[in-house]
Amino acid sequence: MSPALPSRPLPESERTRHRRLREQGSLERADLDAILAAGFICHLGVTVEGTMMVVPTVYGSDGATLYFHGSVASRSLVASPEAAVCVTVTHVDGLVLARSVFEHGVNYRSAMVFGTPRLVTDPDEKTEGLRCLTEQATPGQWDYARRPSRKELAATALLALSLDEASVKIRTGPPDDGESPDAELDVWAGTLPLRTTWGTLEPDPLLTPGITAPPHIADRAGTDAT
């Protein structure tokens, strides 16, 4: 993601306006950028041949455009070139355990991006988009592993979606019932944080002996992935 882009508020539309739990909504572009930068898996909502589908796929963001694999969505684009999609990225940060079940909740960061994606056909943009996608998941891997051949590029469906229309919501902190009548109950309340971490590297069984993991991979093993 480009750090050179100036901070600016997110524009509101009928699809992005916060109607419920408005206090958790954010119009800060920096919050959108941070949510996208913290992950590499999104869920793509798209209609294919009259059926709504939600497809998990990898993505990469350059700060202005979201690139993602989209073989299913590309089928929809061929049939309906103007069809809109919704892409969501969500990070769960913990459970909010209140004194009553009604007040239970989740601490989270979530972004929804709306728009009409386009199929990337320009070879240079496709290469750059795939680089962006690869570096989002594993920084340093694009310059380490073999890059796609022309045949592989031709067989890869890559879609681009503008980040101009997006909705962001964030929930942090303790339960909301600390000053309610339920505060008198003899019930523990608080948050149960959730942390995602990388595990120990598992080499390919067919890996040539003597080949070790490069620093950009080895340094991430066992570290906090969030």
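Which residue in strand β6 stands opposite leucine 95?

Good morning. What we have before us is a predicted model. The protein chain has a mean pLDDT of 87, and 84% of its residues reach 70 or more.

Let us turn to the strands, and to the opening question. The residue opposite leucine 95 is valine 106 in β6. That pair belongs to the antiparallel pairing of β5 with β6, residues 105-115, where eleven bridges join the two strands.

Strand β5, residues 85-97, also runs antiparallel to strand β2, residues 41-48, and three bridges join them. Here histidine 43 stands opposite threonine 88 in β5. A further partner of β5 is β10, again in the antiparallel sense, over four bridges. In that pairing, glycine 94 has proline 193 in β10 as its bridge partner. As a general point for those new to strands, the side chains of a regular strand alternate between the two faces of the sheet.

I now move to the helices, beginning with α3. This helix covers residues 123-137, which makes 15 residues. From its first C-alpha to its last it reaches 22 Å, close to the 21 Å expected at 1.5 Å a residue. At the start of α3, a side-chain oxygen of aspartate 122 comes to within 3.1 Å of the backbone nitrogen of aspartate 124.

Which residues of α3 are buried? They are Glu125, Lys126, Gly129, Leu130, Cys132, Leu133, Gln136 and Ala137. Seen down the axis of α3, these buried residues fall within an arc of 155°, so they line one face of the helix. On the other side of α3, Pro123 and Asp124 are exposed. The cover over the buried residues of α3 includes helices α1 and α4, together with strands β3, β4, β7 and β8.

In α1, the buried residues are Arg29, Leu32, Asp33, Ile35 and Leu36. These residues cover an arc of only 165° around the axis, which puts them on the same side of α1. What do the buried residues of α1 pack against? They pack against strands β3, β4, β5, β6 and β9, and against helix α3.

Thank you for your attention.

Notes
Residues are numbered from 1 along each chain as its sequence is written. This is a predicted model: local features need pLDDT of at least 70, side-chain atom pairs count only at pLDDT 80 or more; totals for chains, interfaces and linings use all residues. Side-chain values use heavy atoms; hydrogens and water are left out. pLDDT is the predictor's confidence in each residue, from 0 to 100. Two strands pair if DSSP finds at least two bridges between them. The expected span of a helix is 1.5 Å times one less than its number of residues. Buried means under 20% relative accessible area, exposed over 50%, partly exposed in between (1.4 Å probe, protein chains only). The arc is that of the directions from the helix axis to the C-beta atoms. Contact means heavy atoms within 4.5 Å. A polar contact is a pair of N or O atoms within 3.5 Å; within protein, one must be able to donate a hydrogen and the other to accept it, and residues adjacent in sequence count only if both atoms are side-chain atoms.
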